[in-house]
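I opened the notebook to look up nonpolar packing and aromatic rings. The entries follow the order of my look-ups.

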Amino acid sequence: MFADLPLLSLLIWLPILGGIWVLLAGEQLARPIALLVSLFIFVLSLPLFFEFDTTTAAMQFSERLPWLPNLDIYYHLGVDGISMPLIVLTTFTTVLVVLAAWEVIQYRAPHYLAAFLIMEGIMVGVFAALDAILFYVLWEAMLIPMFIIIGIWGGVRRVYATIKFFLYTFLGSVFMLVALLYLYAQSGSFALLDYHHLAIPMTAQIFIFLAFLVAFAVKVPMWPVHTWLPDAHVEAPTGGSVILAAIMLKMGTYGFLRFSLPITPDASRELDWLMILLSLVAVIYIGFVAIIQKDMKKLVAYSSISHMGFVTLGFFIAFRILANPELTNEAAMNGAVLGMSGGIVQMISHGFISGAMFLCIGVLYDRLHTRQIADYGGVANVMPRFAMFAVFFGMANSGLPGTSGFVGEFMVILSSMQANFWIAFLAATTLILGAAYTLWMVKRVVFGAIVNEKVSTLTDVNAREILILTVLVIAVLAMGVWPEPVLKVIEPTVQNLLEHISHSKVM
Amino acid sequence: MQNIYLTIVLAPLIGAIVAGLFKVSRRVAHSVTITGVAISCLLSFYAFKHLIIDGGATFNETLYTWMVIGDVRFEVGFLVDNLTVIMMSVVSFVSLMVHVYTIGYMHDDPGYQRFFSYISLFTFSMLMLVMSNNFLQLFFGWEAVGLVSYLLIGFWYTRDTAIYANLKAFLVNRVGDFGFLLGIALVLMYFNSLNYAEVFGLAEEQAETVIQIIPGVDWSLMSVMCILLFIGAMGKSAQVPLHVWLPDSMEGPTPISALIHAATMVTAGIFMVARMSPLFELSETALSFILIIGSITALFMGFLGLVQNDIKRVVAYSTLSQLGYMTVALGASAYSAGIFHLFTHAFFKALLFLGAGSVIIAMHHEQDMRNMGGLRKYMPITYITGLIGSLALIGFPGFAGFYSKDAIIMAVGHAERFGSGFAYFALVLGVFITALYSFRMFFLVFHGKERMDHHTQEHLHETPAVVTVPLMLLAIPSILAGAIFVGPMLYQGLFDGAIFVHHEHNPFHADHYHGVVGFTLHGLMGLPFFLAMAGVATAYFLYMVRTDIPAKIQAKFAWLHQILIDKYGFDRFNEWFFAGGARKLGSTFWSVGDVKIIDDGMVNGSARVVAWYASIMRHLQTGYLYHYAFAMIIGLAVLLGVFVLSGTA
């Protein structure tokens, strides 16, 4: 029944129109309208999942209209097993963000909500775009609402943080634009799928790969271009942090799958050591850095970087597995699929868990207006329900089996073993590091006797907060207990991508 | 049978959910969880009857497919054979006893419902662990029991020591799980499956495989894999050097110490190695490693029990030492003896812990044995059951521990493996130590002078029935379980098909067995029996007759006493090296890497370069019209000059 609807276009433009509606509706009605719109969009995105054809790796729900035909630029949309889950994640998270803002944001609430709705449309567009220029325009446009959200509703050092955030990501994107223009010059097309089949000489591939790398590494973010993220998180309002962590970071890793790997497979193979190295640095170095953070948001921001290291590791470990002479072709392919799917699962799971972690911190911040770990302690005494959520998400963040946090890490570690023992060894240190930084924070914030008098005045989570967090608990558990439905969607696309990258494209 | 097994697992889970998530009264909380666990327990007994007495078929079925990657299926399912069914019965029975006991022990605690929810959740997790038919679900149960252990050690979360201990327990266990997960990754890589039956079926084929972890050095795949898996067991079953969390876990309420940190969870590692015997049998190296680690744990943790004054800590160190015995059994290929000792130990150690808890209740939460004494006449049931537990622990002939411990010592004596000589020595000496610390505790608590203050003394009385009935029920298997099961478990092939031992490794041959009486009589003539008696006699002499001597020994060997009090310095080293080191490394990475080099150097540095460049360029943009006009004239002159010069040339 949804086959006839331009579903993706609706998912892009309705939130944007909804955002304008919220702007016009004024203070009184802004919240219910925003909730209504975001809920509607979420429901509208569900057919993407339920009517998704899991037997093919081809683009689905495609739309293609001429936009600037003279320049070969098309309004071309479509989703595969990689982008579809991310779109649903986006519409899902936006509902939670709108709910989270409910009574917390008092200053210019309509603007705040409108910014999120507009951003939702743009982000869906980024994941759905199959035209390079359309992608690039939306990619850059996405920065604007986030810039505004941090800049207006942010903390004390918001100006420093926004400029750092903007310049960092903008600088990266410029390199991508150059690469895209080169590809256009070579192929005479802006269609992304055309680039996938474009033969490119090795040197050019390396340059293109590096240009993409700068753009995507900043977004992920990968060490050493990660320092904007902790600052941005610390200054952003709760909703901003949630979207940033849950969705925006995924843009970078999505870029690797949509651009770097299929367009420059030979360069990716050539430079896989670099990517694996950077991923492991993220897991270990950043893991250690997270341990000593004193600010809860900074800690979770570092934890995010560390977890995103698993995503990139899962993607690029594939080359090493495919090249492992000890494995049969079939076994190697299974291993590579395991790792790459693991990376994608980790992206989705991290969307739930990091979003939940930031929401939990938001719950505390709304009450006490501090993010310093040292200002808390003994929260469980006065907020027992909150403590339950905090411990649950803490455990999920530590990768406890039965939660979604386990699935991706498990898959990536298992597949890394098939590439090299030591890569798996180093990656598995996250079992210890992740538990150390997360649970040490939980211990100092949630447990213990109350030392700070203000903590004793805290009130437990209210019905709205319980609703938001419970929804996330269900998502985290569902994916942890039964990941197969999601994997079924991902696997054909990953399989296809791996077959694609295992053939050389050098002329 | 599938529905029965499913009910066994889900009944406690439902109890945990009802008691934990809904605001229910105390009565509802304990009724619903006890009902759930009672159902599990009865059905486990039924399964026990079905498999062991009626000889029913092994159950190995998939419940659902967790995920599929290519042709590798990750599944959730049950494998119920004789080994499983014994674990299920032990877990659900001890859990039921502890549930009942908790009504009395936690009577006044504000977290009553939460406690019941946790212990039922534990029962669910532990059953998932033992009933798994694959490595994935095993790992799930493995970490889930770790989670509940974390929650329960930190149950009194306002106590600093408790929340320190639970974090420590979780992290140390994670170190073990780190190895365990790598082991599982190797299993998947070489067997292309995580299903037990499939992996074990292919094990022989990989027996000769070598891998190069360090380039150029060939290692046996089986050895590497088994040692990695065993590192997981070292965490969970608290083997040196990953034992450090167990003594601290005594910060949790006593019922938990009995259920989780004595009878069930800590034995998960033993169970796991026994379950994977088809893999471990293929690696002499790994078995030797296990043998040595186990004997170090058995002996050296026993020593520590001698100097503790906290009644729970004595039992905790005794648990460590007994886990060492079980581990040694595994290392000697006497898997069935390891499981046998696990089985008997679950009863008598739960009994001892719950007995200690009963004493603690009577003493108004005083745990220092120096302030006890003479409790025999106030608490007759606790006294008698405590005596039974102690006799079972030291291996007094006829009691449960005698059979299992003797079997292990015998097996080690027969083993011809690197390290078995040391292991034999450690275990035999350990028997003396065990008897000494057990009866030191027994005499200090129940006999001698009444050293408690007057107020406590006035209120001393036997604990209520919810406490004493579980004690009595646990006392029965503490006496009988050994004599009944020694034949079937060790000699008559109860574990055939579940545990795999190479014929030449097997220390228990049916033709060497001459019935329970023969086994007992044989034990009466053995060295361990005399050492145990010597231990009891020494304890009697030191703590009943010449009570002045222990202090003198302590003064004379102050340095030794200090080492023991210091627990060989493991905690101090870990705190300094691992905890301190990680924080130091984190600060260095952060302050030097992130703040100084990246942010200050690269990010703000490039901003400064731009600013510096701009500050120079700014001088050119003065805003004065005549500067610009002048510049234009110069420019024009230069251009013209170039044009003219190039034209003429």
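These entries cover the core first, then ring pairs, then charges over rings.

I worked on a predicted model, where local features need pLDDT of at least 70, side-chain atom pairs count only at pLDDT 80 or more, and totals for chains, interfaces and linings use all residues. Residues are numbered from 1 along each chain as its sequence is written, chains are lettered from A in the order written, and side-chain values use heavy atoms, without hydrogens and water.

**Core.** I looked up the largest nonpolar core and found 449 residues. Such a core joins buried Ala, Val, Leu, Ile, Met, Phe, Trp, Tyr and Cys residues through side-chain atoms within 4.5 Å. Buried means under 20% relative accessible area (1.4 Å probe, protein chains only). F393(A), F74(B) and L279(B) have the most contacts inside this core. Helix α14 (residues 329-368) of chain A gives the largest share, 22 residues. Helices here are DSSP runs (H or I, at least four residues).

**Ring pairs.** I counted 73 aromatic pairs over all chains. Rings of Phe, Tyr and Trp (its six-membered ring) pair if their centres lie within 6.5 Å; planes under 30 degrees apart are stacked, over 60 edge-to-face, the rest tilted. F135(A) and F259(A) are tilted, at 4.6 Å and 50°. F135(A) lies in helix α4 and F259(A) in helix α10, so the pair ties together parts 124 residues apart in sequence. F256(A) and F316(A) are edge-to-face, at 5.6 Å and 90°. Both F256(A) and F316(A) are buried.

**Charges.** K219(A) lies over the face of W139(A), 4.5 Å from the ring centre. The rule wants NZ of Lys or CZ of Arg within 6 Å of the ring centre and within 35 degrees of the ring normal.

Notes:
Buried < 20%, exposed > 50% of the residue type's maximum accessible area, 1.4 Å probe, protein only. Helix = DSSP H or I, 4+ residues; strand = E, 2+ residues; numbered from the N terminus.
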